[in-house]
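Subject: Handover of a structure and notes on its contents

Dear colleague,

Please find the structure below, passed on to you for your further work. My notes on what was found in it follow directly after.

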Amino acid sequence: MKHRRKEPAGTGPLGGGARIVHEDADLLVVDKPAGLISARPNDTTGSTLFHHVRRYLRRQGPGRRDAGWVVHRLDRDVSGLLVFAKTEPAYLALKDQLKRRQVRRRYLALVEGEMPVTPAGPWPFIDAFLTDAGPTRPVRWSHKPPPDNAIGPGREGPQRAVTYYRVLAVGGGRSLVLVRLETGRKHQIRAHLASLGHPVVGDRLYGPRGDRLALHAWELVFAHPVTGEALRFTSAPPAELFRAPGLDASILSQVEAEQPPEAPAPPPAGREAPARPAREAEAGWDHVAGWYERLVGERRSDYHEALVLPGVLRLMAARPGERVLDVACGEGVLCRRLAELGVSAVGVDASEQLIEAGRRLARPLATKARPELLVGDARKLLELPALAKGRGAFDAACCVLALMNIEPFEPVLQGVTALLRPGGTFTAVILHPAFRNPGHTSWGWTEPAEPKAPPRGKGPGGRRGSKPRPFKQFRRVEAYLSAMHRQIVMNPGQAAHGQPAITTVTWHRPMQTYVKAFAEAGLLIDALEEWPSHRVSEPGPRAAELDRARREIPLFLALRGRRVDSRR
């Protein structure tokens with residue numbers, strides 16, 4: 001995880017006292033001062049932070065006129081970190097991370113009264129329902145869920161909100177509290193702390209009046225919306241937060257790696273479909289077994305469930321009584337699906353943990369229908385005792401989203417061919433190498449052309465100017481023919497929460513490499529399909545264009561080879 005602290009004062013020409021902490025082609029992380037409004041609907045004053053961001057982006061070029069999207073906000077009197085999106089795809093991905101609670105936001109608050117210092121272990125939390133009473137009125141809270149009939153037509157009822165907190169120190173009748181948001185409701189921290197009888201110092205809505213609201217957005221952690229890289233940013237808190245407890249900012253070094261307990265985060269939507277983690281030379285798979293089992297097995301990745309598995313089953317066309325080999329089978333989702341269809345399935349995977357999980361999940365099936373799951377290296381299939389005598393014994397084989405994570409992959413094809421009967425098929429699904437090369441392909445948008453003015457001298461009945469060209473989404477490809485490999489974070493959501501990043505390697509190869517390897521292994525490619533994403537955008541001004549591009553630019557490449565060399 002990359003950690004970037006706030007830059008020195010004066011860095012980042014935004015205006016309004018705000019500073020740029022980080023900027024790249026997709027996003028802008030900003031340190032907001034207290035007193036500056038983050039964003040306000042229909043604001044005409046041009047004095048919000050969002051207006052400053054837009055003016056800054058416009059100075060980068062004429063095509064940036066409408067750039068800038070608000071991902072989240074801070075109250076006017078709260079200082080600290082905010083992220084803005086510079087492109088709509090980045091905005092949608094970041095909003096989805098917020099919705100899935102994959103963005104970690106930690107705040108420092110100085111509150112009235114001396115609270116018990118939190119011992120080591122689980123953090124206390126506040127679970128209270130919040131109701132917005134109006135733009136200038138405090139939020140109401142209740143620790144009991146509302147009755148079903150409490151919400152009238154057209155009204156928004158109480159929303160559940162969860163806040164974790166840890167009391168770092170007390171002194172002078174006040175307490176320094178580290179807070180983490182589980183949800184992001186209006187005034188959530190202020191209302192929740194006030195519900196404990198300890199309002200934030202200086203909070204004019206929920207406690208005694210003061211000169212300044214003592215609340216600071218100290219830490220912001222999220223996955224980059226395009227690369228998946230786990231990013232962490234911190235902002236130096238105001239010194240007055242530490243004065244009453246008699247501390248200084250050095251106490252933060254003791255808590256930077258801490259976080260409240262939480263459930264594992266789901267995979268970020270809008271990213272590439274989950275591929276199998278890479279297996280280098282002698283490395284095992286067990287370090288990713290738990291993550292992959294939750295992703296594909298228990299959580300049911302929608303790509304696997306709605307797109308990949310149905311496509312593989314259709315291409316294989318396996319019939320009851322036939323025998324099928326699933327290479328790099330993971331926890332055996334496809335094997336169980338085949339078993340339910342009456343197909344005799346054998347799965348092979350290098351991870352003992354995934355195979356054990358697959359055997360556990362297969363127990364509810366009838367004994368005769370349970371797939372046979374084996375631990376073994378996909379590149380050494382014929383060395384497995386259970387397969388060594390099975391040459392020519394399989395009617396079909398498959399490898400789903402794993403070939404691009406195996407190096408070298410040619411031995412996999414050679415072993416599969418030896419195990420297939422003459423005429424048997426091998427189906428492989430990979431991320432489409434022409435459009436999904438991690439780090440070298442990305443989404444982009446064309447800028448709309450300005451409408452042409454009508455020719456001079458034309459009256460009301462003369463020829464009109466042309467209409468502006470609408471936004472178009474495109475796929476940028478920076479490299480394709482060169483074979484390469486790249487380390488990627490397979491769990492950016494969890495890593496963004498501070499959990500250890502699962503970094504693996506994926507290999508990019510052009511299609512001709514796969515075609516050549518199929519041919520050399522004795523597999524004649526008789527089917528090639530390119531599968532686009534099945535997802536549909538939320539309603540919005542660019543939804544139709546997002547869906548058009550999604551349908552036109554394929555996500556997966558499926559290859560089916562048929563064994564033609566009967567001498568093997």
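This is a predicted model: local features need pLDDT of at least 70, side-chain atom pairs count only at pLDDT 80 or more; totals for chains, interfaces and linings use all residues.

pLDDT is the predictor's confidence in each residue, on a scale from 0 to 100. For the protein chain as a whole, the mean pLDDT is 80, and 77% of the residues reach 70 or more.

Overall composition

The protein chain contains 13 helices and 23 strands. Of its 568 residues, 51% count as buried. Its accessible surface comes to about 26400 Å², and carbon and sulfur atoms account for 51% of that area. When contacts between residues at least 6 apart in sequence are considered, 70% of them join residues at least 24 apart.

Nonpolar cores

The largest nonpolar core comprises 61 residues, and those with the most contacts inside it are Val312, Leu325, Leu387, Leu403, Phe426 and Phe556. Helix α6 (residues 302-316) gives the most to this core, contributing 7 residues. Another core, of 50 residues, lies apart from it and has Val162, Leu176, Val200 and Trp218 among its members.

Leaving aside residues up to four places away in sequence, Phe426 touches Ala397, Cys398, Cys399, Leu413, Val416, Leu420, Phe518, Leu523, Leu559, Arg560 and Gly561.

Helix α3

Helix α3 (residues 188-195) is largely enclosed by the rest of the structure, because 8 of its 8 residues are buried. These residues are Gln188, Ile189, Arg190, Ala191, His192, Leu193, Ala194 and Ser195. The strands against which they pack are β6 (104-112), β7 (125-131), β8 (140-142), β9 (159-171), β10 (174-181) and β11 (215-223). After α3 comes Gly197, which has a positive phi, near 85°.

Individual residues

Two aspartates in strands deserve a note. Asp31 belongs to strand β3 (residues 27-32). Its relative accessible area is 4%, so Asp31 falls under the 20% limit for a buried residue. The side chain of Asp31 makes a polar contact with that of Ser235, at 2.9 Å.

Asp349 is located in strand β14 (residues 344-349). Asp349 counts as buried because its relative accessibility is 1%. The side chain of Asp349 reaches the backbone nitrogen of Ser351 at 2.9 Å. Asp349 and Val327 are 22 residues apart in sequence, while their C-alpha atoms are 6.7 Å apart in space.

Gln60, by contrast, is found in a loop, between α1 (49-58) and β4 (69-70). With a relative accessible area of 38%, Gln60 lies between the 20% and 50% limits and is therefore partly exposed. Beyond residues up to four places away in sequence, Gln60 touches Glu23 and Lys86.

With kind regards

Note on methods: Residues are numbered from 1 along each chain as its sequence is written. Side-chain values use heavy atoms; hydrogens and water are left out. Helices (H or I, at least four residues) and strands (E, at least two) are DSSP runs, numbered from the N terminus. Buried means under 20% relative accessible area, exposed over 50%, partly exposed in between (1.4 Å probe, protein chains only). Contact means heavy atoms within 4.5 Å. Accessible areas come from the Shrake-Rupley method with a 1.4 Å probe; for residues, only the protein chains shown count as cover. A polar contact is a pair of N or O atoms within 3.5 Å; within protein, one must be able to donate a hydrogen and the other to accept it, and residues adjacent in sequence count only if both atoms are side-chain atoms. A nonpolar core is a set of buried Ala, Val, Leu, Ile, Met, Phe, Trp, Tyr and Cys residues joined through side-chain atoms within 4.5 Å.
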